[in-house]
Amino acid sequence: GDKGRSGRYRKEHELKGLQVWPEGDIPESIRIPGGAVLWPALRDDGDTVSLRFLDSRNEAELIHKAGLARLARIHWNRQIQDFRKSLHLGGQARVNAAYLGGASSLEEELWDKVIHDIFSYETIRDEGLWSSRLAEGGRELFPLAEEYRALISLVLETYGEVRSVLTDMAGKSHRPVFVKERLSEVEGLVPKEFISYYKPDTWRSIPRWLQAVVSRARKGTADPGKDHKSAGIWEPLRNRLSEMIENLSPMAGDEKRRALDEAQIMIEELRVALFAAGEVRAVGKISESRMKKHLDKIERML
C-alpha cells in the first residue's frame, strides 16, 4: 500500500550527512508512483543536514527552515566563531544574564536569532536563490549581531537595575506585597527565552516597559486608590488577551498571529500609559477603547 511505497521512495531518495545544498531545486511537494504526496525538507541533524520526505506540509515547512539555518551555520562557521570571540555580552549585562540562564546561553540564542533573521526567515527551495542568499547574508552577519547585542545588553542592564530598585523598595515599603508583585511582573516581562519570544523591534521597548513597572511601584505605594482604578481597566484586558494567546490554534494563520503580536505590544503600552503617566512615555496612540477594538477585531478573525 501507500506506506510501503512511501517507505521505498524514502529509502531510494533521502540523503544524509549533507553539509551543502543537495544538487538541484527542492520541490514543495512530490507525488510518488501510486499517488501519495510527500513534502520534501532539509532537516537539521546537528553537524549536518539531511533531505527528508515528510507526510505533513506544515511539519516540512518548519523543519526546512531549521535546515536552512543549519546550512548557513555550517557555511559561515569559521566567521561566526571569529565574530563570537569579539561580540560578547560584557559588564553589567553579563552579570545580570545570570538571572536568565547565563551569558553563554543568551549569546547562543542571539546567534540563532541572527542566523534565522538573515537566512531562514522564509522558505527557500530554489538552489540559485539559496546560493545568493548565502553569499549576501555573510556580509550582514557582523552588523546584525552587533546591533542585536547592543539591544539585548540594554535590556539586561535595565532588568538588573529595576530588580535591585524593586527589591530595595520592597524592603523599606509599607506595601511590601504590592512591590513584590511588581517584581514578579518584571520577571514576566523578561522571560529566559525573551530573545526568541520577542521581535528585535520589541527589544527596544522592553527597557521602557521595565521602568514603567518601577514607576507604578512608586505611584501605587503613594496612591493605592488610583492604582486600583487603573488596574480595574488594565487587568481585564490583559486577561482577555492572555486567554486568546492560550487558545491560539497551532494552525492559526499569519494574519492572526501578527494581530496578537501587535496586541501584546499594545497591552504593554497601555500599562505604561495607565500606571506610569508623566514619568515614562507610552509609544503609539493607545487607550482603553483602542485596546478593546483591537481585541474585538482578533475575536472576529477566529
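**The sheet and its helices**

Guide: Let us start with the open sheet of 4 strands, whose order is E1-E4-E3-E2 and whose pairing is antiparallel. Its edge strands are E1 (15–18) and E2, each of which pairs on one side only. The model is predicted, so local features need pLDDT of at least 70 and side-chain atom pairs count only at pLDDT 80 or more, while totals for chains, interfaces and linings use all residues. Residues are numbered from 1 along each chain as its sequence is written, and side-chain values use heavy atoms, leaving out hydrogens and water.

Visitor: What joins E3 to E4?

Guide: There are 6 bridges between E3 and strand E4 (residues 49–54), and these two strands run antiparallel. Among the partners in E4, Phe 53 is bridged to Pro 40 and Leu 54 to Trp 39. E3 and E4 also form a hairpin, this time with 4 residues between them, and Gly 46 in the turn has a positive phi of about 100 degrees.

Visitor: Which helices lie across these strands?

Guide: H1 lies across E1, E2, E3 and E4, running at about 160 degrees to E4, and helix H2 (residues 57–75) lies across E1, E3 and E4, running at about 30 degrees to E3. Axes are lines fitted to C-alpha atoms, for helices over the stretch in contact, and angles run from 0 to 180 degrees between N-to-C directions.

Visitor: Why are H3 and H5 called oblique to each other?

Guide: Helix H3 (residues 77–86) packs against helix H5 (residues 103–119) at an angle of about 135 degrees, with the axes 12 Å apart. Angles under 35 degrees count as roughly parallel, over 145 as roughly antiparallel, 65 to 115 as roughly perpendicular and the rest as oblique, so H3 and H5 are oblique. Ile 80, Phe 83 and Arg 84 in H3 meet Glu 107, Glu 108, Trp 111 and Ile 115 in H5, where contact means heavy atoms within 4.5 Å.

Visitor: What makes Arg 10 count as buried?

Guide: Buried means under 20% relative accessible area, exposed over 50%, and partly exposed in between (1.4 Å probe, protein chains only); Arg 10 has 19%, so the word is buried. Arg 10 lies in helix H1 (residues 2–13). Leaving aside residues up to four places away in sequence, Arg 10 touches Leu 38, Phe 53, Leu 54 and Asp 55.

Visitor: How do you know whether Arg 216 is buried or exposed?

Guide: The relative accessibility of Arg 216 is 3%, so Arg 216 counts as buried. Arg 216 lies in helix H10 (residues 206–222), and the residues that Arg 216 touches include Phe 178, Arg 182, Glu 185 and Phe 275, not counting residues up to four places away in sequence.

Key: Two strands pair if DSSP finds at least two bridges between them.
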